[in-house]
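Dear colleague,

I am passing on the structure we spoke of, together with some notes on its backbone and on one of its pockets. Please look through it alongside the text below.

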Amino acid sequence: MAYFRSCSYFFACVALWFLSAQAQGQPNGGSFVRIQRNQFVLNGSPFLFNGFNSYWMMHVGVDPAERNKVSEVFRDAAAAGLTICRTWAFSDGGDRALQVSPGVYDERVFQALDFVISEAKRYGIRLILTLANNFKDFGGKQQYVQWAKSAGETINCEDDFYTNARVKTYYKNHIKKVLTRYNTITKIVYQNDPTIMAWELINEPRCQVDYSGKMVHAWVEEMAAYTKSIDNKHLLEIGMEGFYGDSIPEKKQYNPGYQVGTDFITSNLLKNIDFATIHAYPDIWLSGHSEADQTAFATRWMWSHWDDASKILKKPIVITEFGKSDKDSGFSVTSRDMYMSTIYRNIYNFARSGGGTFGGGLVWQLMSGTGMGPYYDGYEIILSQNPSTAGLISRQSNVMSSLSHLLSLTQGVEDDHMKDENTKMGRTGGDS
């Protein structure tokens, strides 16, 4: 009977934790997300999450008449229990450029980013802000090396982005400009704003001239140290997809048959990198394979990196991009929901088994329901128009939130037990 009373009390506590958290509303407050015990924590308690990507927010927000689209997505995301958003804090050259040329910024675009951050805070959502792009979209490596070439530098290829001194100075200047930006709406300097969960160095770094991962690793080491020298309050991650390099050859069996010039293990072991990331696009990486094969690959991919994070890196891990494109052969909303269900189930199971080491996942990508056609890439999800997918996302948010509170309660019990044991040992030692 005592056992059942204990169980009832335990689950009642879990329920109270959950209801209390729901009642608190916006989670941002004044606290930064931290890392303890190889897991994310907020206000000293485990923080697991469900999140999303909306890379387009700053770009769209440049036009004040279109900012309602940003607000709509944050509102709908918050209603679905999503608490993390990953979005771009760069646009280098081209249309609506944030950085028009090296060190020259368009204040209108910066104010759009100010708005994105202020709206995230308003709706209780934290941000992962990406500082550059591997690809030419919104400038990327290509724009940086072109600027250097125009300034008289000898440039051989885009991958000189990682080694050319002038290009690296351009990029460092961008880091400093963004991190020290004074938000004209919130009146908070970015580096002091807990609405920002983390900085991401570059979206999906790749390198064709050195597949071992060593060139990218040297760049990450330098840029991570520089970023932390400016801002040691926020978490920092690289932006990697998870491809293995040469440091542990046997790990390369988990790659989708090729390398991209990164080394997931070596670079994520750096002391200035706080957590690891992976992406999962088996529909692209294993194009032509069956849906069953692609889904099985995604599960192996997630398991391998979770295992690495737990045993080698001893850091949290997040799957920061995953989705299913409506351009895939045989696509249906049902097939997308089934794929997302598998990813979500893996996240939950790994988080539960690993004490929260797997922090959460960010689906690619959420869109507003009006006038977003130019930003569609096949992976777009409009919550108000996709009720089955919206329900799936909401349920994942709920179970991750519940698991957070369960871990908080169980770890609190463990801490109390350790205190009791230490007290007993101290008394024993005092009597001897």
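**Backbone and pocket notes**

Gln365 sits in the loop that runs between strand 13 (358-364) and helix 12 (387-431), where helices (H or I, at least four residues) and strands (E, at least two) are DSSP runs numbered from the N terminus. The model is a predicted one, in which local features need pLDDT of at least 70 and side-chain atom pairs count only at pLDDT 80 or more, while totals for chains, interfaces and linings use all residues. Residues are numbered from 1 along each chain as its sequence is written, and side-chain values use heavy atoms, with hydrogens and water left out.

The peptide bond that joins Trp364 and Gln365 is cis, with omega at about -5 degrees.

Arg96, with phi of about 50 degrees, is found between strand 5 (84-88) and strand 6 (99-101), and is partly exposed at a relative accessible area of 23%. Lys314, with phi near 55 degrees, lies between helix 10 (291-313) and strand 12 (317-322), and at 48% relative accessibility Lys314 is also partly exposed; the term covers values between buried (under 20%) and exposed (over 50%), with a 1.4 Å probe and protein chains only.Trp364 also belongs to the 19 residues that line the second largest pocket, and is among those nearest its centre, with Phe135, Asp137, Asn203 and Asp377. Here a pocket is an open set of points on a 1 Å grid over the protein atoms alone where a 1.4 Å probe fits, with protein on both sides within 12 Å along at least five of seven lines, and lining residues have an atom within 4 Å of a point.
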